[in-house]
Amino acid sequence: SINSYRNNTSDRVFFEGDYYSDKPPLVSIISAPLHKLVISFFPEESITENVLLERKVGLTFVEESLFLPLSIKLSMILSTILTSLLPHILTSLLVFKLSFKILKDLRKSLMVTFIYSFGTLSFPYSMMYFGNSLLTLLVFSSFFILFTQKLNSKNLFISGFLLGISSLVDYLAVFFFPAFILYVVLKARNLPKVSIFLISVFFGFSLLLFYQYMIFNNPFEATYKYTDQQIWTNVELNTKYGIQSVLPSLAKIYRVTIDSYRGIFFYYPLIFILLIGLFKGRKILKEETIFISLLFLTFIFFFSVSWNWWGGTSFSIRFFSPVMPFLTFGLISLFKLKTYKFSGIFFLLIAFSIFTNLLCLQGFENTIEDPINIYPEDSERINSFAFIGAPLFTKYFDEFFYKGPTPKLFNSFFYGSHSFLDIRDGIEQPVSSLLENKLYLFNNFHLRTGFFLSTLNILLLIFLFSRFFPKKL
(Lines give C-alpha, C1' and ligand atoms only; values in the text may rest on other atoms or scores of the structure.)
Protein backbone atom coordinates (compact mmCIF):
# COMPACT_ATOMS: atom_id res chain seq x y z
CA SER A 1 0.00 0.00 0.00
CA ILE A 2 0.98 3.67 -0.26
CA ASN A 3 -0.72 4.76 2.96
CA SER A 4 2.28 6.69 4.28
CA TYR A 5 2.53 8.94 1.23
CA ARG A 6 -0.98 8.77 -0.19
CA ASN A 7 -1.29 12.56 -0.10
CA ASN A 8 1.59 12.96 -2.55
CA THR A 9 -0.49 11.86 -5.52
CA SER A 10 -4.01 11.92 -6.88
CA ASP A 11 -3.39 8.74 -8.92
CA ARG A 12 -4.57 6.41 -6.19
CA VAL A 13 -7.24 3.86 -5.36
CA PHE A 14 -8.88 3.04 -2.05
CA PHE A 15 -9.83 -0.48 -0.93
CA GLU A 16 -10.78 -1.71 2.56
CA GLY A 17 -9.00 1.10 4.40
CA ASP A 18 -5.77 1.07 2.36
CA TYR A 19 -4.48 3.21 -0.49
CA TYR A 20 -2.74 1.83 -3.58
CA SER A 21 -1.36 3.26 -6.81
CA ASP A 22 -3.78 3.03 -9.70
CA LYS A 23 -0.92 1.82 -11.93
CA PRO A 24 0.41 -1.74 -12.33
CA PRO A 25 3.63 -2.30 -10.36
CA LEU A 26 6.47 -3.15 -12.79
CA VAL A 27 7.88 0.37 -13.22
CA SER A 28 7.95 0.80 -9.43
CA ILE A 29 9.53 -2.63 -8.96
CA ILE A 30 12.33 -1.70 -11.35
CA SER A 31 12.83 1.75 -9.82
CA ALA A 32 12.73 0.78 -6.13
CA PRO A 33 16.19 -0.88 -5.87
CA LEU A 34 17.79 2.05 -7.69
CA HIS A 35 16.05 4.54 -5.41
CA LYS A 36 17.21 2.63 -2.34
CA LEU A 37 20.78 2.54 -3.65
CA VAL A 38 20.88 6.26 -4.41
CA ILE A 39 19.55 7.44 -1.04
CA SER A 40 21.98 5.07 0.74
CA PHE A 41 24.80 7.39 -0.38
CA PHE A 42 23.21 10.30 1.52
CA PRO A 43 22.56 8.91 5.02
CA GLU A 44 22.86 12.29 6.77
CA GLU A 45 20.84 14.28 4.28
CA SER A 46 17.75 16.15 5.42
CA ILE A 47 15.51 18.86 4.05
CA THR A 48 16.59 22.09 5.69
CA GLU A 49 13.70 24.14 4.42
CA ASN A 50 10.74 22.01 3.50
CA VAL A 51 7.73 23.90 2.19
CA LEU A 52 4.61 21.86 1.57
CA LEU A 53 1.85 23.25 -0.58
CA GLU A 54 -1.65 21.83 -0.43
CA ARG A 55 -3.59 21.59 -3.69
CA LYS A 56 -7.31 20.86 -3.43
CA VAL A 57 -8.43 17.91 -5.52
CA GLY A 58 -11.98 16.69 -5.19
CA LEU A 59 -12.91 16.56 -1.51
CA THR A 60 -9.35 16.35 -0.19
CA PHE A 61 -5.86 17.84 -0.64
CA VAL A 62 -2.66 16.66 -2.30
CA GLU A 63 0.65 17.84 -0.84
CA GLU A 64 3.43 19.15 -3.05
CA SER A 65 6.96 19.76 -1.81
CA LEU A 66 8.87 22.79 -3.06
CA PHE A 67 12.29 21.61 -1.88
CA LEU A 68 13.63 18.10 -2.29
CA PRO A 69 16.99 16.73 -1.09
CA LEU A 70 19.69 15.93 -3.62
CA SER A 71 19.22 12.18 -3.16
CA ILE A 72 15.57 12.37 -4.24
CA LYS A 73 16.45 14.52 -7.25
CA LEU A 74 19.13 12.06 -8.34
CA SER A 75 16.80 9.14 -7.79
CA MET A 76 14.12 10.77 -9.92
CA ILE A 77 16.55 11.40 -12.77
CA LEU A 78 18.19 7.97 -12.70
CA SER A 79 14.84 6.19 -12.38
CA THR A 80 13.55 8.07 -15.41
CA ILE A 81 16.66 7.20 -17.40
CA LEU A 82 16.32 3.54 -16.42
CA THR A 83 12.59 3.13 -17.10
CA SER A 84 12.00 5.66 -19.89
CA LEU A 85 15.10 6.88 -21.73
CA LEU A 86 16.91 3.54 -21.91
CA PRO A 87 13.84 1.61 -23.14
CA HIS A 88 13.31 4.29 -25.81
CA ILE A 89 16.89 3.91 -27.02
CA LEU A 90 16.62 0.11 -27.06
CA THR A 91 13.36 0.32 -29.02
CA SER A 92 15.10 2.63 -31.49
CA LEU A 93 17.82 0.03 -31.93
CA LEU A 94 15.19 -2.64 -32.62
CA VAL A 95 13.57 -0.35 -35.19
CA PHE A 96 16.96 0.01 -36.88
CA LYS A 97 17.66 -3.72 -36.90
CA LEU A 98 14.21 -4.48 -38.27
CA SER A 99 14.55 -1.79 -40.95
CA PHE A 100 17.96 -3.07 -41.99
CA LYS A 101 16.66 -6.63 -42.20
CA ILE A 102 13.98 -5.56 -44.69
CA LEU A 103 15.72 -2.79 -46.63
CA LYS A 104 19.34 -4.00 -46.61
CA ASP A 105 20.27 -0.33 -46.86
CA LEU A 106 22.12 1.39 -44.04
CA ARG A 107 21.24 4.96 -44.98
CA LYS A 108 17.51 4.29 -45.28
CA SER A 109 17.51 2.26 -42.07
CA LEU A 110 19.18 5.11 -40.21
CA MET A 111 16.61 7.53 -41.58
CA VAL A 112 13.72 5.34 -40.42
CA THR A 113 15.30 5.08 -36.96
CA PHE A 114 15.96 8.81 -36.67
CA ILE A 115 12.40 9.66 -37.69
CA TYR A 116 11.00 7.23 -35.12
CA SER A 117 13.34 8.40 -32.35
CA PHE A 118 12.79 12.13 -32.77
CA GLY A 119 9.70 12.55 -34.93
CA THR A 120 7.01 10.49 -33.21
CA LEU A 121 5.00 10.53 -30.00
CA SER A 122 7.49 8.15 -28.38
CA PHE A 123 10.02 10.94 -27.88
CA PRO A 124 8.18 13.16 -25.33
CA TYR A 125 7.66 10.26 -22.93
CA SER A 126 11.27 9.05 -23.10
CA MET A 127 12.14 11.87 -20.69
CA MET A 128 9.38 11.43 -18.13
CA TYR A 129 8.59 8.85 -15.49
CA PHE A 130 5.70 7.30 -17.40
CA GLY A 131 5.41 3.62 -18.27
CA ASN A 132 5.00 4.38 -21.98
CA SER A 133 8.59 3.70 -23.04
CA LEU A 134 8.91 0.45 -21.11
CA LEU A 135 5.56 -0.77 -22.42
CA THR A 136 6.67 0.12 -25.96
CA LEU A 137 9.92 -1.81 -25.57
CA LEU A 138 8.20 -4.94 -24.27
CA VAL A 139 5.46 -5.14 -26.89
CA PHE A 140 7.79 -4.23 -29.76
CA SER A 141 10.39 -6.77 -28.56
CA SER A 142 7.63 -9.37 -28.63
CA PHE A 143 6.79 -8.44 -32.21
CA PHE A 144 10.48 -8.24 -33.20
CA ILE A 145 10.96 -11.88 -32.21
CA LEU A 146 7.89 -12.97 -34.18
CA PHE A 147 8.99 -11.07 -37.27
CA THR A 148 12.71 -11.82 -37.35
CA GLN A 149 13.07 -15.27 -35.76
CA LYS A 150 11.86 -18.74 -36.56
CA LEU A 151 8.53 -19.51 -34.95
CA ASN A 152 9.77 -22.40 -32.85
CA SER A 153 8.51 -23.19 -29.35
CA LYS A 154 11.26 -21.22 -27.60
CA ASN A 155 10.79 -18.02 -29.58
CA LEU A 156 7.01 -18.19 -29.39
CA PHE A 157 7.17 -18.62 -25.62
CA ILE A 158 9.59 -15.71 -25.13
CA SER A 159 7.53 -13.45 -27.41
CA GLY A 160 4.28 -14.36 -25.66
CA PHE A 161 5.76 -13.90 -22.20
CA LEU A 162 7.07 -10.42 -23.10
CA LEU A 163 3.62 -9.48 -24.36
CA GLY A 164 1.92 -10.86 -21.26
CA ILE A 165 4.28 -9.26 -18.76
CA SER A 166 3.84 -5.87 -20.47
CA SER A 167 0.48 -5.72 -18.67
CA LEU A 168 2.47 -5.20 -15.46
CA VAL A 169 3.54 -1.85 -16.88
CA ASP A 170 0.18 -0.52 -18.04
CA TYR A 171 -3.32 -1.91 -18.50
CA LEU A 172 -3.07 -0.50 -22.01
CA ALA A 173 -1.09 -3.62 -22.94
CA VAL A 174 -4.31 -5.62 -23.08
CA PHE A 175 -5.31 -3.82 -26.28
CA PHE A 176 -2.29 -5.32 -28.03
CA PHE A 177 -3.44 -8.89 -27.36
CA PRO A 178 -6.06 -9.32 -30.15
CA ALA A 179 -3.78 -8.02 -32.92
CA PHE A 180 -0.85 -10.13 -31.71
CA ILE A 181 -2.94 -13.31 -31.53
CA LEU A 182 -4.24 -12.73 -35.06
CA TYR A 183 -0.70 -12.09 -36.28
CA VAL A 184 0.58 -15.36 -34.81
CA VAL A 185 -2.35 -17.24 -36.36
CA LEU A 186 -1.55 -15.72 -39.77
CA LYS A 187 2.19 -16.36 -39.47
CA ALA A 188 2.24 -19.79 -37.84
CA ARG A 189 -0.94 -21.37 -39.29
CA ASN A 190 -0.35 -24.13 -36.80
CA LEU A 191 -2.57 -24.79 -33.80
CA PRO A 192 0.17 -26.18 -31.47
CA LYS A 193 2.35 -23.11 -32.12
CA VAL A 194 -0.56 -20.75 -31.55
CA SER A 195 -1.33 -22.62 -28.33
CA ILE A 196 2.24 -22.18 -27.08
CA PHE A 197 2.01 -18.45 -27.73
CA LEU A 198 -1.34 -18.15 -25.94
CA ILE A 199 -0.08 -20.10 -22.93
CA SER A 200 3.01 -17.91 -22.63
CA VAL A 201 0.92 -14.73 -22.91
CA PHE A 202 -1.33 -15.96 -20.12
CA PHE A 203 1.70 -16.94 -18.04
CA GLY A 204 3.03 -13.36 -18.22
CA PHE A 205 -0.42 -11.86 -17.74
CA SER A 206 -1.07 -14.09 -14.72
CA LEU A 207 1.54 -12.07 -12.79
CA LEU A 208 -0.79 -9.08 -13.02
CA LEU A 209 -3.72 -11.25 -11.99
CA PHE A 210 -1.74 -12.43 -8.96
CA TYR A 211 -0.93 -8.81 -8.03
CA GLN A 212 -4.61 -7.89 -8.21
CA TYR A 213 -5.56 -10.93 -6.18
CA MET A 214 -3.08 -9.95 -3.45
CA ILE A 215 -4.73 -6.52 -3.17
CA PHE A 216 -8.40 -7.03 -3.96
CA ASN A 217 -8.86 -10.76 -3.25
CA ASN A 218 -10.03 -11.08 -6.84
CA PRO A 219 -7.60 -11.48 -9.76
CA PHE A 220 -10.04 -9.96 -12.25
CA GLU A 221 -10.62 -6.65 -10.49
CA ALA A 222 -8.38 -3.92 -11.87
CA THR A 223 -7.23 -0.98 -9.79
CA TYR A 224 -9.41 1.48 -11.69
CA LYS A 225 -12.50 -0.14 -10.21
CA TYR A 226 -11.58 1.36 -6.86
CA THR A 227 -10.57 4.91 -7.77
CA ASP A 228 -10.53 7.05 -4.64
CA GLN A 229 -13.92 8.76 -4.51
CA GLN A 230 -12.48 11.48 -2.26
CA ILE A 231 -10.50 12.60 -5.30
CA TRP A 232 -12.39 11.31 -8.32
CA THR A 233 -15.75 12.59 -7.13
CA ASN A 234 -17.34 12.90 -10.57
CA VAL A 235 -16.41 9.49 -11.93
CA GLU A 236 -19.60 7.51 -12.32
CA LEU A 237 -19.74 3.83 -11.41
CA ASN A 238 -20.11 2.76 -15.02
CA THR A 239 -16.91 4.54 -16.05
CA LYS A 240 -14.60 3.12 -13.41
CA TYR A 241 -12.88 0.91 -15.98
CA GLY A 242 -12.49 3.87 -18.30
CA ILE A 243 -15.44 2.92 -20.51
CA GLN A 244 -18.12 5.56 -20.90
CA SER A 245 -20.20 4.00 -23.65
CA VAL A 246 -20.43 0.81 -25.70
CA LEU A 247 -20.80 2.49 -29.06
CA PRO A 248 -17.91 4.58 -30.43
CA SER A 249 -18.28 8.35 -30.41
CA LEU A 250 -17.49 10.17 -33.65
CA ALA A 251 -16.66 13.28 -31.64
CA LYS A 252 -14.04 11.41 -29.62
CA ILE A 253 -12.58 9.86 -32.76
CA TYR A 254 -12.23 13.40 -34.07
CA ARG A 255 -10.65 14.51 -30.78
CA VAL A 256 -7.93 11.85 -30.72
CA THR A 257 -7.09 12.04 -34.43
CA ILE A 258 -7.29 15.42 -36.16
CA ASP A 259 -8.53 17.87 -33.50
CA SER A 260 -6.24 20.84 -32.84
CA TYR A 261 -6.30 20.22 -29.08
CA ARG A 262 -4.36 16.95 -28.94
CA GLY A 263 -5.12 15.02 -32.13
CA ILE A 264 -2.23 12.73 -33.08
CA PHE A 265 -2.47 13.67 -36.78
CA PHE A 266 -2.48 17.37 -35.89
CA TYR A 267 0.65 17.05 -33.74
CA TYR A 268 2.36 14.47 -35.95
CA PRO A 269 1.15 14.78 -39.57
CA LEU A 270 3.89 12.32 -40.48
CA ILE A 271 1.42 9.62 -39.39
CA PHE A 272 -0.57 10.33 -42.58
CA ILE A 273 2.50 9.33 -44.60
CA LEU A 274 3.10 6.25 -42.46
CA LEU A 275 -0.46 5.00 -42.99
CA ILE A 276 -0.22 5.67 -46.74
CA GLY A 277 3.01 3.70 -46.83
CA LEU A 278 1.40 0.89 -44.89
CA PHE A 279 -1.39 0.72 -47.47
CA LYS A 280 1.01 0.84 -50.43
CA GLY A 281 3.12 -1.94 -48.95
CA ARG A 282 0.20 -4.23 -48.16
CA LYS A 283 1.32 -6.77 -50.77
CA ILE A 284 4.95 -7.05 -49.67
CA LEU A 285 4.14 -7.07 -45.93
CA LYS A 286 0.66 -8.60 -45.95
CA GLU A 287 0.44 -10.06 -42.44
CA GLU A 288 2.16 -7.03 -40.91
CA THR A 289 -0.25 -4.65 -42.63
CA ILE A 290 -3.25 -6.53 -41.24
CA PHE A 291 -1.66 -6.66 -37.78
CA ILE A 292 -0.74 -2.95 -37.59
CA SER A 293 -4.06 -1.83 -39.07
CA LEU A 294 -5.99 -3.83 -36.48
CA LEU A 295 -3.73 -2.50 -33.73
CA PHE A 296 -4.25 1.12 -34.77
CA LEU A 297 -8.02 0.70 -35.12
CA THR A 298 -8.22 -1.02 -31.72
CA PHE A 299 -6.69 2.01 -30.04
CA ILE A 300 -8.94 4.39 -31.99
CA PHE A 301 -12.00 2.38 -30.94
CA PHE A 302 -11.03 2.25 -27.27
CA PHE A 303 -10.59 6.00 -26.96
CA SER A 304 -13.84 6.58 -28.81
CA VAL A 305 -15.63 4.90 -25.87
CA SER A 306 -13.34 6.12 -23.08
CA TRP A 307 -14.18 9.03 -20.77
CA ASN A 308 -10.54 10.05 -20.32
CA TRP A 309 -9.48 10.14 -23.97
CA TRP A 310 -7.10 13.09 -23.37
CA GLY A 311 -5.08 11.37 -20.62
CA GLY A 312 -4.83 14.21 -18.11
CA THR A 313 -1.74 16.42 -18.15
CA SER A 314 0.16 15.17 -21.19
CA PHE A 315 1.36 15.95 -24.71
CA SER A 316 -0.94 14.89 -27.54
CA ILE A 317 -2.69 11.54 -26.86
CA ARG A 318 0.01 9.80 -24.83
CA PHE A 319 -1.75 6.43 -24.97
CA PHE A 320 -0.80 6.09 -28.64
CA SER A 321 2.95 6.23 -28.04
CA PRO A 322 3.40 2.41 -27.80
CA VAL A 323 1.92 2.09 -31.30
CA MET A 324 4.53 4.37 -32.89
CA PRO A 325 7.33 1.86 -33.66
CA PHE A 326 4.83 -0.37 -35.46
CA LEU A 327 3.80 2.49 -37.72
CA THR A 328 7.39 2.76 -38.98
CA PHE A 329 6.49 -0.18 -41.22
CA GLY A 330 4.74 2.42 -43.36
CA LEU A 331 8.00 4.28 -43.87
CA ILE A 332 9.88 1.03 -44.45
CA SER A 333 7.33 0.10 -47.12
CA LEU A 334 7.80 3.42 -48.91
CA PHE A 335 11.56 2.89 -49.00
CA LYS A 336 11.07 -0.69 -50.15
CA LEU A 337 8.92 0.46 -53.06
CA LYS A 338 11.69 1.96 -55.18
CA THR A 339 9.25 3.41 -57.67
CA TYR A 340 7.76 5.71 -55.01
CA LYS A 341 8.83 9.35 -55.40
CA PHE A 342 9.42 11.31 -52.19
CA SER A 343 8.08 14.85 -52.49
CA GLY A 344 8.80 18.05 -50.65
CA ILE A 345 5.57 17.55 -48.71
CA PHE A 346 6.94 14.28 -47.34
CA PHE A 347 10.04 15.94 -45.91
CA LEU A 348 8.01 18.93 -44.72
CA LEU A 349 5.76 16.65 -42.65
CA ILE A 350 8.81 14.92 -41.20
CA ALA A 351 10.36 18.28 -40.29
CA PHE A 352 7.12 19.49 -38.69
CA SER A 353 6.79 16.31 -36.59
CA ILE A 354 10.37 16.63 -35.35
CA PHE A 355 9.82 20.30 -34.58
CA THR A 356 6.69 19.33 -32.63
CA ASN A 357 8.93 17.28 -30.36
CA LEU A 358 11.16 20.28 -29.79
CA LEU A 359 8.08 22.19 -28.72
CA CYS A 360 7.15 19.42 -26.28
CA LEU A 361 10.16 20.27 -24.10
CA GLN A 362 8.00 22.49 -21.93
CA GLY A 363 5.63 21.90 -19.04
CA PHE A 364 2.62 19.98 -20.32
CA GLU A 365 -0.80 21.59 -20.29
CA ASN A 366 -4.20 20.34 -19.19
CA THR A 367 -6.78 22.76 -20.54
CA ILE A 368 -9.32 20.05 -19.80
CA GLU A 369 -9.27 19.46 -16.08
CA ASP A 370 -9.42 15.86 -14.93
CA PRO A 371 -12.92 14.69 -13.96
CA ILE A 372 -12.13 15.82 -10.41
CA ASN A 373 -13.30 19.28 -11.46
CA ILE A 374 -15.43 18.57 -14.54
CA TYR A 375 -19.05 19.68 -14.43
CA PRO A 376 -21.78 18.16 -16.62
CA GLU A 377 -21.80 21.09 -19.06
CA ASP A 378 -18.02 20.82 -19.49
CA SER A 379 -18.29 17.07 -20.04
CA GLU A 380 -20.70 17.67 -22.90
CA ARG A 381 -18.34 20.23 -24.42
CA ILE A 382 -15.19 18.08 -24.37
CA ASN A 383 -17.07 15.12 -25.83
CA SER A 384 -18.41 17.15 -28.75
CA PHE A 385 -16.92 18.82 -31.83
CA ALA A 386 -16.69 22.17 -30.05
CA PHE A 387 -13.35 23.98 -30.22
CA ILE A 388 -11.21 23.48 -27.09
CA GLY A 389 -7.91 25.02 -28.08
CA ALA A 390 -4.68 24.66 -30.02
CA PRO A 391 -1.97 24.53 -27.31
CA LEU A 392 0.67 23.40 -29.79
CA PHE A 393 0.73 26.99 -31.05
CA THR A 394 -0.79 29.05 -28.24
CA LYS A 395 1.38 27.51 -25.50
CA TYR A 396 4.25 25.30 -26.65
CA PHE A 397 5.33 27.40 -29.64
CA ASP A 398 5.32 30.61 -27.62
CA GLU A 399 7.17 29.13 -24.63
CA PHE A 400 9.75 27.40 -26.81
CA PHE A 401 10.93 30.68 -28.28
CA TYR A 402 10.87 32.38 -24.91
CA LYS A 403 12.59 29.72 -22.80
CA GLY A 404 14.25 27.40 -25.27
CA PRO A 405 14.13 23.63 -24.86
CA THR A 406 13.64 22.79 -21.17
CA PRO A 407 13.57 19.01 -20.60
CA LYS A 408 11.60 18.32 -17.45
CA LEU A 409 14.02 15.68 -16.24
CA PHE A 410 16.71 18.17 -15.18
CA ASN A 411 14.57 21.17 -14.33
CA SER A 412 14.82 20.75 -10.58
CA PHE A 413 18.58 21.21 -10.76
CA PHE A 414 18.38 24.32 -12.89
CA TYR A 415 15.57 26.02 -10.99
CA GLY A 416 16.43 24.78 -7.51
CA SER A 417 12.86 23.77 -6.69
CA HIS A 418 9.75 22.36 -8.26
CA SER A 419 6.11 21.87 -7.52
CA PHE A 420 5.61 18.15 -7.74
CA LEU A 421 6.79 14.92 -6.17
CA ASP A 422 5.29 12.54 -8.70
CA ILE A 423 7.38 13.08 -11.82
CA ARG A 424 4.81 11.33 -13.99
CA ASP A 425 2.99 14.65 -13.84
CA GLY A 426 4.09 17.25 -16.34
CA ILE A 427 3.04 20.19 -14.18
CA GLU A 428 5.07 23.24 -15.09
CA GLN A 429 7.29 24.58 -12.39
CA PRO A 430 6.57 27.84 -10.52
CA VAL A 431 9.55 29.79 -11.77
CA SER A 432 7.95 33.14 -12.58
CA SER A 433 10.58 35.03 -10.60
CA LEU A 434 13.38 33.25 -12.44
CA LEU A 435 11.80 33.85 -15.81
CA GLU A 436 12.20 37.57 -15.25
CA ASN A 437 15.95 37.09 -15.09
CA LYS A 438 16.80 36.69 -18.77
CA LEU A 439 20.51 36.41 -18.01
CA TYR A 440 19.77 33.30 -15.92
CA LEU A 441 17.85 31.78 -18.80
CA PHE A 442 20.59 32.59 -21.28
CA ASN A 443 23.34 31.10 -19.13
CA ASN A 444 21.39 27.86 -18.68
CA PHE A 445 20.10 27.47 -22.21
CA HIS A 446 22.87 25.08 -23.23
CA LEU A 447 22.56 23.13 -20.00
CA ARG A 448 18.87 22.62 -20.55
CA THR A 449 19.44 21.36 -24.08
CA GLY A 450 22.04 18.93 -22.79
CA PHE A 451 19.63 16.09 -22.15
CA PHE A 452 18.19 16.28 -25.65
CA LEU A 453 21.66 16.34 -27.17
CA SER A 454 22.87 13.50 -24.97
CA THR A 455 20.00 11.37 -26.24
CA LEU A 456 21.01 12.19 -29.79
CA ASN A 457 24.63 11.35 -29.05
CA ILE A 458 23.74 7.94 -27.65
CA LEU A 459 21.73 7.13 -30.76
CA LEU A 460 24.59 8.32 -32.96
CA LEU A 461 26.91 5.92 -31.15
CA ILE A 462 24.49 3.11 -31.90
CA PHE A 463 24.40 4.16 -35.56
CA LEU A 464 28.20 4.27 -35.77
CA PHE A 465 28.41 0.81 -34.23
CA SER A 466 25.91 -0.51 -36.74
CA ARG A 467 27.87 1.13 -39.57
CA PHE A 468 30.93 -0.99 -38.84
CA PHE A 469 28.98 -4.18 -38.14
CA PRO A 470 26.04 -4.08 -40.58
CA LYS A 471 26.04 -7.81 -41.32
CA LYS A 472 25.57 -8.71 -37.68
CA LEU A 473 22.48 -6.53 -37.49
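Modeller: Helices here are DSSP runs of H or I with at least four residues, strands are runs of E with at least two, and both are numbered from the N terminus. The model is predicted, so local features need pLDDT of at least 70 and side-chain atom pairs count only at pLDDT 80 or more, while totals for chains, interfaces and linings use all residues. Numbering starts from 1 along each chain as its sequence is written, and side-chain values use heavy atoms, with hydrogens and water left out.

The part I take is glycine 389, which lies in the loop between α14 (376-382) and α15 (391-403). Glycine 389 counts as buried because its relative accessibility is 11%; buried means under 20% relative accessible area, exposed over 50%, and partly exposed in between, with a 1.4 Å probe and protein chains only. Apart from residues up to four places away in sequence, glycine 389 touches Ser260 and Tyr261, where contact means heavy atoms within 4.5 Å. Arginine 262 is 127 residues from glycine 389 along the chain, yet their C-alpha atoms are separated by 8.9 Å.

Tyr261 leads on to tryptophan 309. Leaving aside neighbours within four places in sequence, tryptophan 309 is in contact with residues including Tyr261, Lys252, Phe303, Ile382 and Ile388. Trp309 also belongs to the largest nonpolar core, which has 99 residues; Trp309, Phe143, Phe320 and Phe326 touch the most other members. Such a core is a set of buried Ala, Val, Leu, Ile, Met, Phe, Trp, Tyr and Cys residues joined through side-chain atoms within 4.5 Å. Helix α4 (residues 132-148) gives the most to this core, with ten residues. A second, separate core has six residues, among them Val13, Tyr20, Ile215 and Tyr226.

Valine 13 stands opposite tyrosine 20 in β2, and phenylalanine 14 stands opposite tyrosine 19 in β2. Strands β1 (residues 12-15) and β2 (residues 18-21) run antiparallel and are joined by four bridges; two strands pair if DSSP finds at least two bridges between them. They form a hairpin with two residues between them, and glutamate 16 in the turn has a positive phi of about 50 degrees.

Buried residues make up 56% of its 473 residues. Of the contacts with a separation of 6 or more, 77% come from residues 24 or more positions apart.
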